[in-house]
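Here is a short report for a reader new to this structure. Please look at the model before reading on.

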Amino acid sequence: MSEYKAPSMDEWLREAKQHENASRVGMYLTHNGVVRETARDLVRNGNQSAAAVTGMRFSYSKEKVAEILEAAYLISGIYYIRVWLNEGCLQVGDDLMYVLVGGDTRHHTINALQYLVGRIKSEAVQEEEL
């Protein structure tokens with residue numbers, strides 16, 4: 001079990017709505033990634049013989065996440081971003097990641113959330129299913 005405490009989305013949203021750019025935001029989207037029991041090989045590749053997951057070793061590069069966030073702020077219409085990542089040996093159901101994005105339109109905000117989660121997962125995290 002991780003010693004990191006997941007954030008409160010209610011608190012994050014309250015803080016976001018007090019941010020200096022809040023008046024420019026028309027939509028907030030959140031992402032909450034969790035450790036699932038179904039193996040990645042089954043979900044992505046259909047491998048029916050993939051064993052069930054009992055946990056995950058999860059870590060990330062703080063420098064790479066900072067670089068990705070900096071790039072995400074260059075996306076048109078994005079005015080607020082907050083990211084939290086867990087670390088350690090996690091169990092099924094534990095939180096891996098929270099992302100909050102505030103943007104001017106649905107289109108910009110959805111694109112930014114996809115961009116952020118995709119890059120973080122592919123470039124910044126190291127995860128090993130157990």
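Two strands pair if DSSP finds at least two bridges between them. Strands (E, at least two residues) and helices (H or I, at least four residues) are DSSP runs, numbered from the N terminus. With that rule, strand E2 (residues 55-60) and strand E4 (residues 88-91) pair in the antiparallel sense, over four bridges. E2 and strand E6 (residues 125-129) also pair in the antiparallel sense, over five bridges. Arginine 57 has a partner on each count. It stands opposite cysteine 89 in E4. In E6, the bridge partner of arginine 57 is glutamate 128.

This is a predicted model: local features need pLDDT of at least 70, side-chain atom pairs count only at pLDDT 80 or more, and totals for chains, interfaces and linings use all residues. Residues are numbered from 1 along each chain as its sequence is written, and side-chain values use heavy atoms, with hydrogens and water left out.

**The whole chain**

The protein chain holds four helices and six strands. From the N terminus on, the order is α-β-α-β-α-β-β-β-α-β. The C-alpha trace spans about 50 × 30 × 25 Å along its principal axes. Of the 130 residues, 38% are buried. Buried means under 20% relative accessible area, exposed over 50%, and partly exposed in between (1.4 Å probe, protein chains only).

The accessible surface of the protein chain comes to about 7500 Å². Carbon and sulfur atoms account for 48% of that surface. These areas come from the Shrake-Rupley method with a 1.4 Å probe.

Contact means heavy atoms within 4.5 Å. Among contacts between residues at least 6 apart in sequence, 74% join residues at least 24 apart.

**The aromatic rings**

How many aromatic pairs does a search of the whole structure find? The search finds two. Rings of Phe, Tyr and Trp (its six-membered ring) pair if their centres lie within 6.5 Å; planes under 30 degrees apart count as stacked, over 60 as edge-to-face and the rest as tilted.

| Pair | Centre to centre | Between the planes | Kind |
|---|---|---|---|
| Tryptophan 12 and tyrosine 98 | 6.4 Å | 70° | edge-to-face |
| Tryptophan 84 and tyrosine 98 | 5.9 Å | 55° | tilted |

The pair of tryptophan 12 and tyrosine 98 links distant parts of the chain. Tryptophan 12 is in helix H1 (residues 9-16) and tyrosine 98 in strand E5 (residues 95-103), 86 residues apart. The pair of tryptophan 84 and tyrosine 98 links strand E3 (residues 78-85) to strand E5, and these two residues are 14 residues apart.

Tyrosine 98 counts as buried at 11%. Tryptophan 84 counts as buried at 14%.

**Valine 53**

Where is valine 53? It lies in the loop between helix H2 (40-45) and E2. Valine 53 is buried, because its relative accessible area is 3%. Leaving aside neighbours within four places in sequence, valine 53 is in contact with Val35, Arg36, Glu37, Thr38, Ala39, Val92, Glu129 and Leu130. Asparagine 86 is 33 residues from valine 53 along the chain, and their C-alpha atoms are separated by 18 Å.
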